[in-house]
Amino acid sequence: MDRLLETLRALRAPDGCPWDREQTHESLRPHLLEEAAEAVDALAEGDDGAMVEELGDVLLHIAFHAVIAEEEGRWGFADVERTLNEKLI
């Protein structure tokens, strides 16, 4: 997970990818919905390769939102992970 977060931070850096740098929580909403729907379809099909790919795409969006919030000084991926773990316990 650390490697994914570092990659996203690099993409959003001033010398990173212009598309990634301009994304916001709002601009990513439709993409997250699309990726979640594709993950549901992959699960329904039972295609392991598609499941891995599509669930990875959903995880990318979770990480992307966390990096954006981290940049804003609001919260980060560790907060998502901690909150989820607390909920499970």
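This is a predicted model: local features need pLDDT of at least 70, side-chain atom pairs count only at pLDDT 80 or more; totals for chains, interfaces and linings use all residues.
User: OK, so where does Arg82 fall, buried, partly exposed or exposed?

Analyst: Arg82 has a relative accessible area of 41%, so it's partly exposed.

User: And which side chain does Arg82 meet in a salt bridge?

Analyst: The general idea first: side chains of opposite charge can pair when their charged atoms come close. Here, Arg82 pairs with Glu86, at 3.8 Å from N to O. Both sit in helix H5 (residues 77–88), four residues apart, which is about one turn of the helix.

User: How many salt bridges does the structure hold?

Analyst: Seven. Another one is Glu26 with Arg29, at 3.2 Å from N to O. These two are three residues apart in helix H3, so about one helical turn separates them.

User: Which salt bridge links distant parts of the chain?

Analyst: Look at Glu71 and Arg12, whose side chains meet at 2.6 Å, N to O. Glu71 is in helix H4 and Arg12 in helix H1, 59 residues apart. Glu71 is partly exposed at 43% relative accessibility, but Arg12, at 12%, counts as buried.

User: Moving on to helix packing, how do I read the way H3 and H4 cross?

Analyst: Two packed helices are described by the angle between their axes and the distance between the axes. For helix H3 (residues 25–45) and helix H4 (residues 48–71), the axes come within 8 Å and cross at roughly 160 degrees.

User: Why are H3 and H4 called roughly antiparallel?

Analyst: Angles over 145 degrees count as roughly antiparallel. With the crossing at roughly 160 degrees, H3 and H4 are therefore roughly antiparallel to each other. As for handedness, their crossing is left-handed.

User: Last one: which residues form a nonpolar patch on the surface?

Analyst: That would be Met1, Leu59 and Ile62, which together have about 220 Å² of accessible area. To get into such a patch, a residue needs over 30% relative accessible area and no salt bridge. Met1 has a relative accessible area of 38%, so it's partly exposed. You'll find Met1 in the segment before helix H1 (2–12).

Key. Residues are numbered from 1 along each chain as its sequence is written. Side-chain values use heavy atoms; hydrogens and water are left out. Patches are made of residues with over 30% relative accessible area and no salt bridge: like charges are joined within 9 Å, nonpolar side chains (Val, Leu, Ile, Met, Phe, Trp, Tyr) within 5 Å. Accessible areas come from the Shrake-Rupley method with a 1.4 Å probe; for residues, only the protein chains shown count as cover. A salt bridge is a side-chain nitrogen of Lys or Arg within 4 Å of a carboxyl oxygen of Asp or Glu. Buried means under 20% relative accessible area, exposed over 50%, partly exposed in between (1.4 Å probe, protein chains only). Axes are lines fitted to C-alpha atoms, for helices over the stretch in contact, and angles run from 0 to 180 degrees between N-to-C directions. Angles under 35 degrees count as roughly parallel, over 145 as roughly antiparallel, 65 to 115 as roughly perpendicular and the rest as oblique. A crossing is left-handed if the near helix is turned anticlockwise from the far one by less than a right angle, and right-handed if clockwise.
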